[in-house]
Amino acid sequence: MSLRIKHVTVDCADPPKLAAWWAQALGGSVTADFGGFYALVEGGGLAMGFQKVPEARTDKNSVHVDLAASDRAVEIERLIRLGATEVAEHTVPGLAWTVLRDPEGNEFCVSGPAPDEPAAG
């Protein structure tokens, strides 16, 4: 098979602006801008495209990006300072993750090891 994933594309209102935000969030750079209609970001082991669409997103996005962090709390704090919004926290045995929204409302998650569970006593 010759197919491979090249990048994940996100519909948005302002591709250059959102691409710049994600480049900063991922520690990468905007590697292409096709006249404000489409922008490409590479960083953090991920390539993401941002495509201009006329309609605003009105529902939960069907696909989202999951990011991993060795220090989830520090990364979440940094992303919020950059303009992300925290939506929810989740924990299951061995894993914790935070759901956030980028400046245009697209959800993504940051995961890391679950906090230590209290000792049985």
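**View 1. Asp102 and the residues around it.** Leaving aside neighbours within four places in sequence, Asp102 is in contact with Leu18, Trp21, Trp22 and Phe108 (contact means heavy atoms within 4.5 Å). Before going on, note that this is a predicted model, where local features need pLDDT of at least 70 and side-chain atom pairs count only at pLDDT 80 or more, while totals for chains, interfaces and linings use all residues. Residues are numbered from 1 along each chain as its sequence is written, and side-chain values use heavy atoms, with hydrogens and water left out. To find Asp102, look in the loop between strand S7 (95–101) and strand S8 (107–112). Helices (H or I, at least four residues) and strands (E, at least two) are DSSP runs, numbered from the N terminus.

**View 2. Asp102 and its polar partner.** The side chains of Asp102 and Trp22 are joined by a polar contact of 2.9 Å. That term stands for a pair of N or O atoms within 3.5 Å; within protein, one must be able to donate a hydrogen and the other to accept it, and residues adjacent in sequence count only if both atoms are side-chain atoms. With a relative accessible area of 3%, Asp102 is buried (buried is under 20% relative accessible area, exposed over 50%, partly exposed in between, using a 1.4 Å probe and protein chains only).

View 3. You can find four salt bridges in the structure, each one a side-chain nitrogen of Lys or Arg within 4 Å of a carboxyl oxygen of Asp or Glu. One of them links the side chains of Arg72 and Glu89, at 3.0 Å from N to O. Arg72 sits in helix H2 (residues 72–82) and Glu89 in strand S6 (residues 85–92), so this pair ties together parts that are 17 residues apart in sequence. Arg72 is buried at 16% relative accessible area, whereas Glu89 is partly exposed at 43%.

**View 4. Arg78 and Glu75, a pair within helix H2.** Here the closest N and O atoms of the salt bridge are 2.9 Å apart. Both residues belong to helix H2 and are three residues apart, or about one turn of the helix. Arg78 comes out as partly exposed at 24%, and Glu75 is partly exposed at 27%.

**View 5. Glu107 and Arg101, another salt bridge.** For this pair, the closest N and O atoms are 3.2 Å apart. Glu107 is buried at 14% relative accessibility, but Arg101 is partly exposed at 32%.
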